[in-house]
Amino acid sequence: MAELNIGKHCQVESCNLEDFLPFVCEFCDGVYCLEHRTRDSHTCKEEEPVKRETQASSGSKSYPCSFQDCSGKELLPVICPQCEKHFCLLHRHQSDHQCEKLEAPKQRMAATKELVQKIVESKEGQKPKGRRGAKNSETAAKVALMKLKQQAVGDNGLPQTERTYFQVYLPKDSKDSSKPLFFCSKWSVGKVVDYAASLAGLKNNNNVLSAKKLRLCHPLTGEAFRMDDTLQSLMTLSEKPLYNGGNVILEYLENDCTSLDDVSEYINLALKK
């Protein structure tokens, strides 16, 4: 009967032990016994290959937030149009990341103010003079507020004491001319714009540097509010404040534009309501 040869000898010269379950080194491909199976024990001369870090199989790239001590990342770039830095969704607004380049409000255009005044006066010609101005706007807002509370949509989880109601006039090319909405009085203008855009189904590219920006504007002057202003602060202005139950305008503006050229169309819509 032929002799079976099922074992192999350890390749360490001083050992040469025949092992029936030999070990093969994954680096030098040598055959060794149990005692000499490790690289150190048989003085392996082959270097261990360096393991390179690879990206995820999807090949996706993440964009880290530039805000101090924030570890947030986004799969798509969220760029502040003012300081041009990347931020996560939590810090995308100027007020949230303490932007170093706040937008300077543009001076109100005299021609627009004059046009607004003429339109308002023509619609109120039969009313007593004592009701014109801020008192009249405030009274009209209180009357409209009762109607808005029955029609407006918003976050039902907001406490009643924090809700602020507006008739929001949508961009000129929108399907609907306006929508009754309510927001939290503590929200920033940037958050109000994002929330209103989602409810009205508007395209919102405010995080794209080269795109037109969706801005919230004053219903009489056409001035675009700063994104870091809060609704509460705009309702306590000494001149032309916003009123709970009043009107605001949403419109797309160029990056360097902070005011509507013509608010007469929106004002006519507001006065017809």
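I take two strands as paired if DSSP finds at least two bridges between them. Helices (H or I, at least four residues) and strands (E, at least two) are DSSP runs, numbered from the N terminus.

**Entry 1. Basis**

I am working from a predicted model, in which local features need pLDDT of at least 70 and side-chain atom pairs count only at pLDDT 80 or more, while totals for chains, interfaces and linings use all residues. Residues are numbered from 1 along each chain as its sequence is written, and side-chain values use heavy atoms, with hydrogens and water left out.

**Entry 2. The chain as a whole**

I counted six helices and ten strands in the protein chain. I use "buried" for under 20% relative accessible area, "exposed" for over 50% and "partly exposed" for in between (1.4 Å probe, protein chains only). Of the 273 residues in the protein chain, 38% are buried. For contacts (heavy atoms within 4.5 Å), I looked up the sequence separation. Among those between residues at least 6 apart in sequence, 49% join residues at least 24 apart.

I asked how many of the residues of E7 are buried. Seven of its seven residues are. Arg163, Tyr165, Gln167 and Tyr169 lie on one side of E7, Thr164, Phe166 and Val168 on the other, and both faces are covered.

I then looked up the pairing. E7 (residues 163-169) runs parallel to E10, with four bridges, and antiparallel to E8, with seven bridges. Tyr169 has a bridge partner in each neighbour: Ser178 in E8 and Ile249 in E10. Val168 is placed opposite Val248 of E10.

**Entry 3. Strand E10**

E10 is mostly covered, with six of its eight residues buried. I also checked its pairing with E9, which is antiparallel and has five bridges. Within that pair, Leu214 has Tyr252 of E10 as its bridge partner.

**Entry 4. Helix H4**

The twelve residues of H4 (residues 189-200) should span 16 Å at 1.5 Å a residue, and the end C-alpha atoms are 16 Å apart, so the two agree.

Which residues of H4 are buried? I found Val189, Gly190, Val192, Val193, Asp194, Ala196, Ala197 and Ala200. As background, an α-helix has 3.6 residues a turn, so residues three or four places apart point the same way. The buried residues of H4 pack against strand E8 (178-184), strand E9 (213-217), helix H5 (231-234) and strand E10 (246-253). Just after H4, Gly201 has a positive phi of about 70°.

I took Val189 in H4 for a closer look. Val189 counts as buried because its relative accessibility is 0%. Leaving out residues up to four places away in sequence, Val189 touches Leu216, Phe225, Arg226, Met227, Asp229 and Leu234. Val189 and Leu234 are 45 residues apart along the chain, and their C-alpha atoms are separated by 9.5 Å.

**Entry 5. The second largest pocket**

On a 1 Å grid over the protein atoms alone, a cavity is a set of points where a 1.4 Å probe fits but cannot get out, and a pocket is an open set with protein on both sides within 12 Å along at least five of seven lines; lining residues have an atom within 4 Å of a point. Grid points are joined across faces, edges and corners, and a volume is the space filled by probe spheres set on the points.

I recorded a volume of about 460 Å³ for the second largest pocket. This pocket is lined by 27 residues, of which Pro81, Arg92, His93, Asn206 and Asn207 are the closest to its centre. H4 and E9 are the elements that give two or more residues to this lining. By class, the lining has twelve nonpolar, eight polar and seven charged residues; Ala, Val, Leu, Ile, Met, Phe, Trp, Tyr, Cys and Pro count as nonpolar, Asp, Glu, Lys and Arg as charged, and the others, Gly among them, as polar.

**Entry 6. Loop residues**

I looked up two non-glycine residues with positive phi. Asp29 has phi near 65° and lies in the loop between E3 (23-24) and E4 (31-32). Asp29 counts as exposed because its relative accessibility is 57%. Gln98 has phi near 50° and lies in the loop between H1 (94-97) and H2 (110-123). Gln98 is exposed, with a relative accessible area of 65%.

Not counting residues up to four places away in sequence, His36 touches Cys10, Val12, Cys15, Ser41 and His42.

Conventions
Expected span 1.5 Å × (residues − 1).
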